[in-house]
Amino acid sequence: MNSAGSDPRLIGIDWGTTSFRAYLLGAGGEILRRLEARRGILHVEGGDFEGFFREQVEPWLGEWDLPVIASGMITSRNGWIETPYLDLPAGPAELAENLTVHRLSSGQELRFITGATALDATGAPDVMRGEEAEIVGLLDLGVSDGLIVMPGTHSKWVRVESGRIASFETFMTGDVFSALREATILGKLMQGTNPAPQAFERGVRAGHGTPEALLHRLFHARTLPLTGVIGETETADFLSGLLIGTEIGAATSGSQTDRVAIVGRSDLAQRYADAMEIAGIGTTQVPSDLAARGHYAIARMAGLVET
């Protein structure tokens, strides 16, 4: 997605908790230029979001008069403008219809893509902010139905149906792993960080096979190294496999899922791919920069760029 010969049509902003990304997008949604900074919403001095935004993209706005569209935690309570959540099911059309317009002191308008919410089987709400733009990017690639996983500290499992976001679940797997390692007795036996694929596989199989038994199986992260079944240097990988395997088992329970699309190119995304191979589930790696593609698709549907 890079074409120096295309005219700029849109600026897309993906502004999360830990990072800021800006994309200068061409007539076909291709990325002409990009900016990235480790300045997420919690790391902007004095909460001066407008000042930081202008500092980053002023060179682009000075050269071209372009619409700007933004997504991510920048629309949260701790961000720049808090936007209401959009109830699911919903698709690109609903997201385009519910953009929040904010006018800067310069007169420049920004349009914020709102987050999404859905109720789980118990009636409790789940929420996302930022992932919805990436999912629209995936829909724009022609993926209209299926199950998607977005690995992270709080992983999202998203079901898309007929080109719309139907439902999703959030799993705090990364936070739980860190808490168990740092604040419980399980961490006492986690020595070293050498890769231990066999221990990881053992954990995945235990978690995926009986996700309902997690609270019992967690103690195996103590007893297995304590009795010498696995080495202390293998304990962290066993625990990681156990938690990811449990997540996969819970997220795919009761469905006829034989393939999952993985959004992300990180080491963590690869770990999820390895875990699903162990669990007998096929995976599809999707292209990067889905947020930029989603920004363009939503802007196009909102009439901000010409089709």
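## Aromatic rings and the sheet

Reply: Happy to. Let's start with Phe20, which is buried, with a relative accessible area of 0%. Please keep in mind that this is a predicted model.

Me: OK! Is Phe52 buried or exposed?

Reply: Phe52 is buried, because its relative accessible area is 3% and anything under 20% counts as buried.

Me: How many aromatic pairs are there in total?

Reply: The count comes to 8 aromatic pairs. One of them is Phe20 with Phe52, an edge-to-face pair with 5.2 Å centre to centre and 80° between the planes. This pair links distant parts of the chain: Phe20 is in strand S2 and Phe52 is in helix H1 (residues 49-63), 32 residues apart.

Me: And how are Trp80 and Phe112 arranged?

Reply: Their ring centres are 5.7 Å apart and their planes are at 75°, so this pair is edge-to-face. Trp80 sits in the loop between S4 and strand S5 (86-87), while Phe112 belongs to strand S7, so the pair ties together parts that are 32 residues apart in sequence.

Me: What about burial for those two?

Reply: Trp80 is buried at a relative accessible area of 15%, and Phe112 is buried at 0%.

Me: Which residues form the aromatic cluster?

Reply: Trp15, Phe20, Phe49, Phe52, Phe53, Trp80 and Phe112 form one cluster.

Me: Where does Trp15 sit relative to Phe20?

Reply: Trp15 stands opposite Phe20, which is in S2. A hairpin of 4 residues connects S1 to S2, and 7 bridges join these two antiparallel strands.

Me: Let's switch to the whole sheet. What is the strand order?

Reply: The order is S3-S2-S1-S4-S7-S6, in an open sheet of 6 strands with mixed pairing. At the edges are strand S3 (31-37) and strand S6 (100-103), each of which pairs on one side only. From one strand to the next, the twist averages 20°.

Me: Remind me, what holds strands together in general?

Reply: Strands of a sheet pair through backbone hydrogen bonds, either parallel or antiparallel.

Me: So which way does S1 pair with S4?

Reply: S1 and S4 pair in the parallel sense, over 4 bridges. If you want a spot to look at, Asp14 has Ser71 in S4 as its bridge partner.

Me: And S6 with S7?

Reply: Those two run antiparallel and are joined by 4 bridges, with S7 covering residues 109-112. There, Thr100 has Phe112 in S7 as its bridge partner.

Me: How many residues of S1 are buried?

Reply: 7 of its 8 residues are buried, and S1 is mostly covered. Helix H10 (residues 290-301) lies across strand S1 (8-15), strand S2 (20-26), S3 and strand S4 (68-71), and it runs at about 125° to S1.

Me: New topic: helices. At what angle do H5 and H8 pack?

Reply: Helix H5 (residues 197-209) and helix H8 (residues 235-252) pack at about 30°, with axes 6 Å apart. Their crossing is right-handed.

Me: Which residues make that contact?

Reply: From H5 they include Phe200, Gly203 and Gly207, and from H8 they include Gly241, Gly245 and Ile248. By class, the contact has 9 nonpolar, 9 polar and 2 charged residues.

Me: Great, thanks! I'll go and look for those in the viewer.

How values were computed: Residues numbered from 1 in each chain as written. Predicted model: local features only at pLDDT ≥ 70, side-chain atom pairs only at ≥ 80, totals over all residues. Heavy atoms only, no water. Pairing = 2+ DSSP bridges. Axes fitted to C-alpha atoms, helices over the stretch in contact; angles between N-to-C directions. Contact = heavy atoms within 4.5 Å. Left-handed = near helix turned anticlockwise from the far one by under 90°. Nonpolar A, V, L, I, M, F, W, Y, C, P; charged D, E, K, R; others polar. Phe/Tyr/Trp six-rings, centres within 6.5 Å; stacked < 30°, edge-to-face > 60°. Buried < 20%, exposed > 50% of the residue type's maximum accessible area, 1.4 Å probe, protein only.
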